[in-house]
Amino acid sequence: QVHLVESGGGSVQAGGSLSLSCSASGDTGSSYCIGWFRQAPGKEREGVAAMALGGRNTYYGDSVKGRFTISQDNAKSTLYLQMNSLKAEDTAMYYCAADPRPAGTQYCYLLPYKYVNWGQGTQVTVSS
């Protein structure tokens, strides 16, 4: 299994930027998709972005395309979510999660039920 820890959340005004980090430890040599998800109070968990560990393809939810960027530092087993042009509706708890995938997989889903290892989450609050 892989253990995930998020960091970097906080409060920012609308139009601002934040960067989140997801540090992976444990079985990072296996094949995983790492996804970023968010959940606001009273709403369903939403897929934000995903990419395979060691992969290049990136996947984004429609609501964040063009504003958020997922990236990774393989040497550090860390994934990042750069969030620009933040809006009040981006306010949520943000989680990273791992989906074990067949070796060589490049395609990652943004479906929460496919992800089995979850971090504890980090809060992002955007004020308008």
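Where is S85 found? In this model, which is a predicted one, S85 is found in the loop between β8 and β9, the latter covering residues 92-100. Its phi is near 50°, which is a positive value in a residue other than glycine, and with a relative accessible area of 40% S85 counts as partly exposed.

A related case is S77, which is not a glycine either and yet has a positive phi of about 50°; S77 sits in the loop between β7, residues 68-73, and β8, residues 78-83.

Let me turn now to strand β5, which takes in residues 46-52. Six of the seven residues of β5 are buried, so this strand is largely enclosed by the rest of the structure. As for its partners, β5 runs antiparallel to β4, residues 32-39, and six bridges join the two strands; within this pairing, F37 has G47 of β5 as its bridge partner. The two strands β4 and β5 form a hairpin with six residues between them, and in the turn G42 has a positive phi of about 80°.

Strand β5 also pairs with β6, residues 58-60, again in the antiparallel sense, here over three bridges, and A50 stands opposite Y59 of β6. This pairing, too, is a hairpin, with five residues between the strands, and there G54 takes a positive phi near 80°.

To bring the turns and loops together: G42 and G54 have positive phi values in the hairpins of β4 with β5 and of β5 with β6, while S77 and S85 have positive phi values without being glycines.

Methods:
Residues numbered from 1 in each chain as written. Predicted model: local features only at pLDDT ≥ 70, side-chain atom pairs only at ≥ 80, totals over all residues. Heavy atoms only, no water. Buried < 20%, exposed > 50% of the residue type's maximum accessible area, 1.4 Å probe, protein only. Helix = DSSP H or I, 4+ residues; strand = E, 2+ residues; numbered from the N terminus. Pairing = 2+ DSSP bridges.
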